[in-house]
Amino acid sequence: MSLRDVGGRRRFEDPEFTLRVYPGSIAEDTIYCPVVARKTTTAAEVIERLIERLRLDRTKCYVLAEVKEFGGEEWILNPSDCPVQRMMLWPRLALENRVGGEDYRFLLREKNLDGSIHYGSLQMWLCVTEQRRRMVERGFLPPPRPKDHDDLCNLPDLNEKTLLENLRARFKQEKIYTYVGSILVAVNPFKFLPIYNPKYVKMYDNHQLGKLEPHVYAVADVAYHAMLQRRLNQCIVISGESGSGKTQSTNFLIHHLTALSQKGFASGVEQTILGAGPVLEAFGNAKTAHNNNSSRFGKFIQVNYLESGTVRGAYVEKYLLEKSRLVYQEHNERNYHVFYYLLAGASEEERAAFHLKKPEEYHYLNQDCFTVEGEDLKHDFERLQLAMEMVGFLPATRKQIFSLLSAILHLGNIRYKRKTYRDDSIDICNLEVLPVVSDLLEVKEEMLFEALTTRKTVAVGERLIVPYRLAEVRANLGQCFGDVNMVYPQPCGTHKYLPPSGTGRTEPRLDEPKPGLSVALRDPHALKAQLCLCW
């Protein structure tokens, strides 16, 4: 406790103390439970915290008892008594050595139906606990099963070891969700669990966070009802490492946010938003060394509601696409999924129209690996086309997108050489590639050749055409291909405003004033998520 001068007088601050309460036979696996309290904290408040931490039966009545040195007599505290004030009356040696002996302790006792107190011998209980601990250490008894907590803030001793042990114990029971206060921690089970059906949607509807078992639906429910009650927009941030299940959690959140609106176009919006998922996944996900389906971009999804709580539409935006992956991949990594989908699933007519080859014949695809265990590329391509149609891509637009993808692959096969008569200029070795790219991009060969070998610049008010150097041409070509507007099919651009159904109506822009409320989901890609976690 610190002292402070106030108006010439010294007064004590109101610090926090740690009470060690021994539950005895009420919670046999716990020797003592630490409770943080102040001088004004009552015995009833301490008991309430003990019930929450030890998960005791609330139908029973509990009292707090103080043990003093003379004979181990127990003094029952009234609900309004303050345990810290009683503890401050203990001798200094008792405060410094509260772990040993049975003198000067607080006990948790159960009150019988007739009003009497169920007393027990603390010394005998401590002896039995110590004997059990020794038997476990020698291997004669199995170790006690750890008691898991659905909120890590309720751990009696919070450190890295106990935190991980608690998550592991819950994971073994297929409890993949755990709270940290109002934050939800999800451990990816890498399998589907039957905890996302309509029964759970109804179960978590309009429930206070923490009253039921932790669940991703509970977070969505709190955000939805907070939006309606406070009339303020809400935002949920999904963060984690690559492969932790951020995208799947986003889908579950969208499902619950739209299911909470039981009227209007809720189902249509959900279908449209989730339909955009395979499109975003195909053009923005790739195999990495640690994850076969890693999102290499972030996305922002905003579900818009009317004042009544009915879903009226959604807005989807992407950001931070990993552009360099188009032209270069690290060991045991691949390019974006859509290239492999196209090459494996295109029909013979499409292969001829788009001048498609095998993956190993493209420089942008043959740098390391081609296949991923367990994938079905033809099925994925059919799923992509269905999703693009669902989101609103017209057949002509889809054809242009696939033609552009093929052109990018062919451009990666272009080889350059230095001209013999000029050191600064370059030439293309395999000119036979130009007619193919020209046909795919629908541009003249002369314009294409000029764009690939020269660049335009302005100096002293004059526009100059400067030839590329051999060392810089690849970098400039890769930067050109990395342009988001060039490689992305814009399900988040021209189709970023998703209507409630297939009516063709679109949402207004975010920067335009509009009535209503919204719940936003921010799903960063792995690198951005790790930076947020470190920060």
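Start at the hairpin of E14 and E15, with 5 residues between the strands, and select Gly-309: its phi is positive, near 95°. Helices (H or I, at least four residues) and strands (E, at least two) are DSSP runs, numbered from the N terminus. This is a predicted model, in which local features need pLDDT of at least 70 and side-chain atom pairs count only at pLDDT 80 or more, while totals for chains, interfaces and linings use all residues. Residues are numbered from 1 along each chain as its sequence is written, and side-chain values use heavy atoms, leaving out hydrogens and water.

Now select E14, residues 298-305. Of its 8 residues, 7 are buried. Buried means under 20% relative accessible area, exposed over 50%, and partly exposed in between (1.4 Å probe, protein chains only). E14 runs antiparallel to E15 (residues 311-319), joined by 8 bridges. Strands pair if DSSP finds at least two bridges between them. Pick Phe-300; its bridge partner in E15 is Glu-317.

Next, the aromatic rings. How many aromatic pairs are there? The count is 7. Rings of Phe, Tyr and Trp (its six-membered ring) pair if their centres lie within 6.5 Å; planes under 30 degrees apart are stacked, over 60 edge-to-face, the rest tilted. Select Tyr-196 and Phe-252: the ring centres are 3.8 Å apart and the planes at 5°, so this pair is stacked. Tyr-196 sits in the loop between strand E10 (183-186) and helix H6 (198-203), and Phe-252 in helix H8 (residues 246-259), 56 residues apart. Tyr-196 is buried at 10% relative accessible area, and Phe-252 is buried at 13%. Show Phe-192 and Tyr-217 as well; ring pairs link them with Tyr-196 and Phe-252 into a cluster.

Go to Asp-81, in the loop between strand E6 (74-76) and helix H2 (83-87). Asp-81 is buried, at 19% relative accessible area. A polar atom of its side chain lies 2.7 Å from the backbone nitrogen of Asn-78. Beyond neighbours within four places in sequence, Asp-81 contacts (heavy atoms within 4.5 Å) Thr-41, Thr-42, Ala-43 and Arg-86.

Last, the cysteines. How many disulfides (cysteine sulfur pairs within 2.5 Å) are there? The count is 0. Select Cys-61, partly exposed at 40% relative accessibility. Then select Cys-429, partly exposed at 37%.

Definitions and conventions
Disulfide = S-S within 2.5 Å. Polar contact = N/O pair within 3.5 Å; in protein donor to acceptor, adjacent residues only side chain to side chain. Contact = heavy atoms within 4.5 Å.
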